[in-house]
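Morning, everyone. Please look at the structure on the screen.

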Amino acid sequence: MSAQVLVSRPPAPQSIPAQSLPVHTVEAPYNTGEHSSSGLATSGFRTAKYLLEEWQQGGYTSYYQAFSDRDCSEKVRHEAKQLAAECEARAQRSQADATKKLGERLLDVHFWRSELEREIRDLTAETELLLQQKSRLQRALDATDIPYSIASDNLQSRERRVGAELVRDGAEVELLREVELIRNIQDLLKRTLEKTIQQIRQNRDAKEKLEMDWSDKVEAYDIDNKSGRYNNQSTEIQFHHNSSKFEDNTSTPESWAQYSHENIYRAERERMASINLRSLVDSILQDTAEDLRSQCDAVNSALAKRCEEVEDVKRKLEDHLKKTLKEIGAQENNIAALKQAITDKEAPMKVAQTRLYQRSFRPNVELCRDPVQFRLVSEVGELTESVEFLKQKLEEAEQSLRNLEDTRMSLEKDIANKANTLFIDREKCMTHRTRYPVVMKLTGFQ
């Protein structure tokens, strides 16, 4: 009677796939498939035991599984160790490269910071020099008030000349030219002063831009320098999860360098403009001072020449006045002599007329036109004619005396006017012009 299996046994362990076993795995000596011999061996027996081959197969399976797991573990350990070493080396290389990049960045920042410091020093020194030029311009402009007041006072003083002395002479022409020159120089100095103030403002704006850039670079240098000193043993390091991202307002290395370059370029441009302006100010101050002193000398020369001319005319007028006074005295004596001569003719006239009158009483035929009668009549006529001539000459002498008196008064008036002109030009104008500023003051050094 054939035995029937009433209780099924647990299935045999499945074999490990060939591809998961090492290359030296021994092929199993038995088959656990559907038609294995275990079923036949247990036929007729109610048992759940494995066959020996199945037991051996199970042992081999556990061995190979342990071997495979150890091999995989060793491989994982080896790969993990290698990966950890590679990650460590990569982290060290990355950190070293970052530190190197920080060092290079520090060099770049230091370079631009040094350039900015140099430009700030140069621009500061240049601005100080330009401020000195501004002070010179202001002093030179203030110094022109004295020449202007002197020239204006000279013109006003010369307006007090009297009569024909109020003439537009060479001295007045030079004084008017001096006033116009001073006005033009004042306008030029004012425009130059405004331009200088504007340039100082531009220098300070450029310097402020440089200082802000320099301050940012100093702060950035300190930050990068501090960052470069961090290492794995630093106590200040910690996690900042949101730090590894680019900000929207960040610049590129090119734009960063271009920004400082443009600031330095602008500062150098303003500094060169300031240097050129200082040179222009020097030239303007020197030229204006020389022009003022040259015009001052021209005015002094014209006034001195005019004084010499007036002095010479005054001297000649005084000489003519002396001669006129002498002639007046002589004419007065001549008039007195003429009057005396006319008076002296009265006695002879009386004698002649008395003789004629007495002879008119001769009686009868004795009243004769004898030579005596003709001579007496002729004598009376001669005396009358002489008196008329003397009176006519007396009138001429008196008219000449009146003319001499008028001439004397005119000469005295002219001499007084010339003296007044000399006093104004010599004592007022030329004395006042001794206060004219020197070249050093006109150039703004004092």
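I'll cover a pocket, the cysteines and one threonine.

This is a predicted model, so local features need pLDDT of at least 70, side-chain atom pairs count only at pLDDT 80 or more, and totals for chains, interfaces and linings use all residues. Residues are numbered from 1 along each chain as its sequence is written, and side-chain values use heavy atoms, leaving out hydrogens and water.

Pocket first. A pocket is an open set of points on a 1 Å grid over the protein atoms alone, where a 1.4 Å probe fits, with protein on both sides within 12 Å along at least five of seven lines; lining residues have an atom within 4 Å of a point. The lining of the largest pocket has 15 residues. Nearest its centre are Arg 105, Asp 224, Thr 250, Ser 251 and Trp 256. Helices H2 (52-143), H4 (170-229) and H5 (253-344) each give two or more residues to this lining. Helices here are DSSP runs (H or I, at least four residues), numbered from the N terminus. H5 gives the largest share, four residues.

Now the cysteines. Buried means under 20%, exposed over 50%, partly exposed in between (1.4 Å probe, protein chains only). Cys 368 is partly exposed, at 38%.

Last, Thr 288, in helix H5. Thr 288 is buried, at 6%. Beyond its neighbours within four places in sequence, Thr 288 is in contact (heavy atoms within 4.5 Å) with Ile 185 and Leu 188.
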